[in-house]
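Open the model in your viewer and keep the selection tool at hand.

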Amino acid sequence: MLAWLMPEQASVQAPRVDAIFLALTAISGAIVLLVVGLVVAFSIRFRRGSKANRDALPSLVAREFEIGWTAATLFVFVFIFWWAASAEIRAYVAPKDAIEVHVVAKQWMWKTQSSNGAREINELHVPVGAPVRLILTSQDVIHSFYVPAFRLKRDALPGQQTETWFKATKTGTFHLLCTEYCGTDHARMLGRIVVMEPEDYARWLSAQPEGDDLAHAGERLFAERGCAGCHAPGSGVHAPGLAGLWGREIPLAGGRTATVDGAYVRDSILQPKRDVAAGYEPIMPSYDGLLSDGEIQELTAYIRALGAGPRASRTPGRPPLSSRVPGAARDRSPAMVPGAPVDDGPAPAGAATRP
Amino acid sequence: MSAGLAESPTALADRGELALGLPESYLAAGHTLGSWLTSTDHKRIAILYAISITVFFFLGGAAATMVRLELFTPKADVVGADTYNKLFTLHGVIMVWFFLIPSIPTTLGNFLLPLMIGARDMAFPKLNLASWYLNILGGLLTASAMLAGGIDTGWTFYVPYATVFSNSAVSLGVLGVFVSGFSTIATGVNVIATTHTLRAPGMTWFRLPLFVWALYTTSLIFVLATPVLAVTLLLVVAERAFDLPIFDPARGGDPILFQHLFWFYSHPAVYIMILPAMGVISEVITCFARRRVFGYTFMVYALLAIAVIGFFTWGHHMFTSGMSPFAALVFSFLSFIVAVPSAIKVFNWTATLYRGQIGFESPMLYALGFVGLFTVGGLTGLFLASVPIDVHVQDTYFVVAHFHYIMVGASVSAYFAGLHFWWPKVTGRMYPETWAKFAAILMFFGFNLTFFPQFIAGYLGMPRRYHVYPPEFQIWNVLSSSGAAVLAVAYLMPLGYLTWSVLFGERARNDPWNASGLEWRTTSPPPRENFLGKPEVLAEPYNYHPEGAPPVKDQPRIPAQGSLT
C-alpha cells in the first residue's frame, strides 16, 4: 500500500526525505485527527439544546490552555525544522570524488556531458553507488532537473550555474522531468536516468564514440580561441597565468578578493572588466557572444584541471593533464605537480600565480 | 415613506416595521443603472464588486474545468499544448488577482466594515468607487489579453520566459494586473483610514470584531506589498515592450531577482487571501456556537503576527533555484514560525465550540468545513517549509494541492460562509436553507475529492503545468477530475438559489441569527446612512452570554420571529 503511494527510492537521499515525510505525515495526521475529532465531539455533545454541562470556564484555565498550546505548537514546529534542516545540511556538499556531469537545458531537451566524455541527449547513464555531481545551466529560459526517484531537483538557470549531487542506490531506469514551466513543450521535456552496475557502465562507456572529456576540449579551445596568446606561460602579454588558480582566493584591483570558482571564471570570460585581478591592466576583451555555454563549461573544466590534483575520472592511459601544461613544473603551483597532495583549502592571498 | 414602496422588492424588509417611519433601504435609493454605477455608498460598491468577482470566478472556473478535462487522460486529447498553457495561466491570473484578492475584503469587507464599527460610510467613499473602476479596468485589460491570443507564462510571469521568449500577449495581461493593484491599494488605504477614524463611541480597538481586525491586517499587507508587485510588473513590461535589459541574463540581468521581487509580494498575497477568511470564520463560529470567542486577544495578536512574519518567508518559494543553503534555512525557519499563529487560531475556534449551543445552519457548515480544510492546508505548508521535502515536491501537484486547500478550500469556503451569513442583511431576503446545506456539504466532499489525490500524485512526482503526463499518474488525475465535476455543481448551486432568493426569498428579519455584531442592529437591508440613530458601543464583542454564565438555547429566528433593535 505504502509502496503504491510513494515513489521508488533509488538514491541515498530518498530514504532520508521519506523518513521526514512520513514523520511529518504522522504528526500532521495526529493534529488533523485531534482537531476534527474535537470539532465533531463538541458538535455532538454541545449541539443546540443538548443536556451537556455548560458552566463557564475559569479565565485562568483559558489563559493556561492558550499559553500551553502555543508553546507546544512552537516546540513541535521548531523540532521538525531542526530535523529537516540537519538532513539538508548533511546532503548539501557533494563528495570530492564525485563524477562530474554538466547539464545544459534548452527548450525542450536535456544535454548531459560527463567529465569522462560521454555526451547524451535526454539521457544520463550513471553507475550505481557512485556519487554524481551535476553542474547545471540553461541556454534559454529557466528549467528544473527533477528525478522523483532520487528526491532530487535543481533549477537550471540561464547565465548561471547551479549544482547538486546524488548517489544512486538501485539500478534501473528513472524519470527525468522538467519542473519549471518553460513554454509549449514543457510537459514533453522528459528524459531518463539509467543507473547501471559499475561493470555494465564501464562497458557502456567504452562503446560510446570517442569524445574528448571536458577539460581536454577546453584545452583545445584555450589554444584555438586565442586565450593562450596572453594566458599561456611565456606570453609577452602581462596577463595572469591560470595554473594552480582554481579554488584560490585572489586579490582584485580595488582591494577586494575573489575565490576562483565556476562563477568567477565565467564572469572573467564574459565581463572581464568587472573583477580585474590586482596588478593587471583591464585589457582583456569580453567573450560574450563568442563562446557558447558549453564552451565556457569546457574552458572552466580546463582551468579547474590546471589547478587540481589527479582525478579519479581521468581516462586511463593518458598522461595527466597537468603534466602537459606548458612551462616547467617548478613554475607551477605545488598542486599541479603530479602526485602532490591536493590542497583544497584557501591558499594565502596574493600568492604568485604568474609564471 | 409611502405604503406603495413596501410592495417593491427592494423596499424595507418587514412590512410591520414600516409603520415606524423608517428610512428606505440602500437598495431602494435608486433603481437606474446610473444610480448604481455612480454610487459612493459602500454597500452598493460592495454589490458591484460582488457581481464583478462572480463573473471572474466563473471565467476562471471555466478555464479550470477545461484543465481538469484535459488531465482526465495522460494524452493530449481535448486541447493542445499551447492552449493548455494559456488555460492554466488564465485560471491563475483571473482567480488570484480578480477573484481571491478582492473577494472578501471588497465585498463582505466593503459592506460590513462601516456597519461593524458604527460608521455611516467608508472614510473615502469616492476612492472606494474609483477602486472598483480600477479593478474593472484591470480586469478588462487582462481579459483583452485573452482575446488577443492569451498569455502562456503561468500566473507567476517567470522571466526570462515572460520577457524574452513568450510570444503571447504578456504585456497586456501584466498591465491589467498592474492597474488592478492600484484598486487593491485604494481599498487598503480606505480600510485603514476607516478603522482608525470612524469607529463609533465606545468601539475601542479591543472591542473590534475579529473580522474588522482581519480586514485591517489584510489592508496593511495591501498597502505595503502591492507597490512591490507594481514595480516588478512594470519592469517586466519595460523589458518586454521597450527592450530594456533588466532580467535577461543574456544582457547581464538576473532572473532570480525577479523571483525575489515577485514572491516578496506574492507570499504576503496568500495572507491577503486567508486573513479575511479567518475573520469571517470567527464571526460565524461564535454566532452559531452562541459563545464568546475563545482567547480574543490571542486571536488579534495572531492576525498581526501572521501579517508581519508573512513578509519574511517569501524565499521558501525558491529553495530549488540555487539559493545558498543558509538563506534556505532562515526562510525555512521563518516559514515554520508563521505557522504557529495559524495553529493558535485553529485551536481557539475549536475551543470556542466547547460548552456552546451549537447550531448547524449553512454558514456554520461552511465554517466547520473551513476549519478542517484550513488545518490540512496549513499542515501541508510545514512539508513545504522543510527544505528536503520541498526540494522533492516543489513545482509538483503537492504544491498545487497545498495552496488550493488554503485558497479554495479555506478562503472560498469562508467566502460562502460569510455570503450566507450576511445574505439576509445584504439583500433583506432569506435563501432556501436546505439547498444551502446541501451545497455546503457537496462543496466539502467535492473539494476533498478534487484536491486530496493531488497530494499523492505530487509526492509520486507529477509536475504541475503538464498537459500530458506519464500514465502511472492517471488514477489520481481521474479522481481529481471527477471531484472537479462535483465541485463545479456545488459552486453553481448557490448561483442558482441565491439568485432565486433575491427575487422570491422570504423577507429577512433584522437579526435572523440572533447575532451580536453592530451590523445586525439596523434594518435588513440597511438604510443609506446605515443606522437609524447614533450607535454607541457598551459591551465587549461576541456578547452571546454574560461573562461567567453559560450560553442558553437560542434558536435563530428564521423566519418566525422578528426583532427590531
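Over residues 20–44 of chain A, what are the percentages of helix and strand, and how many Å apart are the end C-alpha atoms? Select that stretch. The chain there is 100% helix and 0% strand, with the end C-alpha atoms 35 Å apart. Helices (H or I, at least four residues) and strands (E, at least two) are DSSP runs, numbered from the N terminus.

A note before moving on. This is a predicted model, in which local features need pLDDT of at least 70 and side-chain atom pairs count only at pLDDT 80 or more, while totals for chains, interfaces and linings use all residues. Residues are numbered from 1 along each chain as its sequence is written, and chains are lettered from A and ligands numbered from 1 in the order in which they are written.

Select residues 65–85. Here too the chain is 100% helix and 0% strand. The end C-alpha atoms are 30 Å apart. An unreviewed UniProt entry annotates residues 20–44 and 65–85 of chain A as "transmembrane region". Such annotations may be inferred rather than shown by experiment, and the positions are given in the numbering used here.

**Domains of chain A.** Colour 99–207 as domain 1 and 214–336 as domain 2. These bounds come from an automatic or database domain assignment. Nine residues of domain 1 are in contact with nine of domain 2 (C-beta atoms, placed from the backbone, within 7 Å). On the domain 1 side, strand S1 (residues 99–106) of chain A gives the largest share, three residues. By class, that side has two nonpolar, seven polar and no charged residues. Ala, Val, Leu, Ile, Met, Phe, Trp, Tyr, Cys and Pro count as nonpolar, Asp, Glu, Lys and Arg as charged, and the others, Gly among them, as polar.

**Where A meets B.** Show both chains. 69 residues of chain A are in contact with 70 residues of chain B. Elements of chain A that each supply at least two residues include helix H2 (13–45), helix H3 (59–90) and strand S9 (172–178). H3(A) provides the largest share of chain A's side, 16 residues. That side has 40 nonpolar, 14 polar and 15 charged residues.

**Chain B.** Chain B has 16 helices and zero strands. The C-alpha atoms of chain B fill a box of roughly 75 × 50 × 45 Å, taken along the principal axes. Of contacts in chain B with a separation of 6 or more, 83% join residues 24 or more positions apart.

Technical notes:
Two residues are in contact if their C-beta atoms, placed from the backbone, lie within 7 Å.
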